[in-house]
Amino acid sequence: MLLQPVILSGGSGTRLWPLSREAYPKQFLPLTGEHTMLQETVRRLDGLEREHPRQGAGLVDPIVVCNEAHRFLVAEQMRALGRRAAAIVLEPEGRNTAPALTLAAQVATAEGADPVLLVMPADHTIADEAGFRAAVSDAFALASAGAVVTFGIVPGKPETGYGYIRRGQPYHGDGLEGAAYRLEAFVEKPDAATAESYLASGDYLWNSGIFVLRASHWLALIERFRPDIAAAVIRACAAVSDDGDFQRVDPALFAACPSDSIDYAVMEHLTAAGESVPAVVLPLDVGWSDVGAWSALWEVREHDAEGNVCDGDTFVHEAADNLLIAQHRMLAAIGVNDLIVVETPDAVLVADKAHAQDVKAVTESLRRAQRNEYRHHQRVHRPWGAYESIDQGARYQVKRLTVKPGESLSLQMHHHRAEHWIVVSGTARVSRGEETFLLTENQSTYIPVGTRHRLENPGTIPLELIEVQSGSYLGEDDIVRYEDRYNRDASDC
């Protein structure tokens with residue numbers, strides 16, 4: 001039997017602003033090591049077949065379900081890791097985890113297979129990965145025998161920011177006596193006093209959001225308990241199409257799908273008395289965190305002797321238990337304790353660690369005001385490379401462009417702006433109107449308003465250039481695309 005990882009990469013990570021933005025959320029950031037959280041999730045199962053051969057599972061490439069706007073980030077990070085996905089399934093818009101898992105299960109069973117699905121969010125961190133793999137092996141055995149399994153995190157403190165699972169009697173199956181329990185109930189996030197009582201009882205675990213079950217079982221259960229979700233996803237998948245690395249479903253049909261979580265749509269129904277499908281929880285004590293706030297990142301990162309987490313060009317004097325991240329400038333902290341200070345090129349966050357959850361007030365305000373700082377970083381990633389705004393004013397904007405070797409921008413035209421390009425390093429192939437020519441270091445050219453043009457990097461090193469835009473309107477949506485190798489439309493800037 002196959003073990004099919006399913007990575008759900010739809011989160012926005014707004015509580016980790018300003019590092020996490022809507023267009024580049026936390027799962028694509030290297031928050032705890034050299035790899036991004038998505039890459040760490042992919043790597044987490046390395047060694048499973050060698051360490052646990054008794055399970056008899058064939059570990060296959062993951063299915064990644066992500067927002068359509070993040071598709072190139074997923075593909076690029078998989079390539080950078082030297083891995084491939086079995087499928088990158090695009091959600092035209094977010095509908096929570098139950099429809100996302102239903103999409104993945106449809107893809108996993110499309111060719112007649114019925115693997116065990118290991119469903120993991122893309123933005124969690126686990127310190128003891130060997131311990132996690134051992135738990136996955138046990139969960140695989142239980143799921144192969146018909147159980148629906150979730151992991152419950154052994155709580156280390158009375159946390160009010162997590163939902164809880166109440167475990168029931170030990171579950172006896174597949175030689176795992178004592179390791180697994182009946183899942184008795186899901187419990188909402190408690191207040192402080194209730195969380196204290198949960199911790200003292202020993203019967204409550206944090207809800208990890210990680211599940212293990214047969215693909216066919218999930219499809220049967222979602223059809224049984226939420227036939228509206230099942231029908232909407234089936235209709236959307238009937239028109240699935242391949243687009244390079246990606247699988248697209250019908251956007252209008254998927255938009256009609258109700259939004260619901262795995263817990264509410266299915267798992268809570270399995271805790272009812274007399275339910276024949278066993279819902280099982282495996283306790284997990286492996287240094288897990290969902291890194292849902294800056295205070296959680298402070299907890300999982302390495303500290304100095306005074307309890308500070310320092311990242312970037314920082315200076316600390318008579319300060320303790322701070323999280324200090326500097327991306328663009330020197331950050332000095334003197335005589336302060338328990339602060340979060342995060343500096344990026346376009347925003348600075350200063351907060352008390354005790355108010356880490358309140359960062360959402362900033363992101364909500366930015367979203368309502370339609371501020372760019374909510375959606376994008378100053379450096380904006382594109383499938384061909386990236387651009388970074390250097391300066392702007394009335395009727396002009398200056399950007400630094402980086403084009404990856406062998407990549408190109410779309411053949412396009414602007415109604416309202418002209419562009420001046422100066423090559424800093426590398427070689428540019430420029431199409432302008434009916435002519436095509438090469439530019440090298442220190443050479444430049446000019447693209448008039450209304451002229452079709454394309455920029456390409458035919459070389460083997462990144463192309464770096466400065467772009468000076470001038471005109472009456474400089475927005476990224478002033479693009480008419482004629483040809484695009486990435487199949488983007490005009491709204492996909």
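User: What is the strand order in the open sheet of four strands?

Analyst: Quick heads-up: this is a predicted model, where local features need pLDDT of at least 70, side-chain atom pairs count only at pLDDT 80 or more, and totals for chains, interfaces and linings use all residues. Residues are numbered from 1 along each chain as its sequence is written, and side-chain values use heavy atoms, leaving out hydrogens and water. Strands here are DSSP runs (E, at least two residues), numbered from the N terminus, and two of them pair if DSSP finds at least two bridges between them. With mixed pairing, the open sheet's order is 15-17-19-20.

User: Why is one side of strand 15 and of strand 20 left without a neighbour in the sheet?

Analyst: Strand 15 (309–311) and strand 20 (347–352) stand at the edges. One side of each is left without a neighbour because each has a single partner strand.

User: How many bridges join strand 8 to strand 9?

Analyst: Strand 8 covers residues 164–170 and strand 9 covers residues 181–187, and the two run antiparallel. R166 stands opposite A185 in strand 9. The bridges joining these strands number five.

User: Which residue of strand 10 does I165 stand opposite?

Analyst: Strand 8 also pairs with strand 10 (residues 204–214), in the antiparallel sense, over three bridges. In strand 10, the residue opposite I165 is L205.
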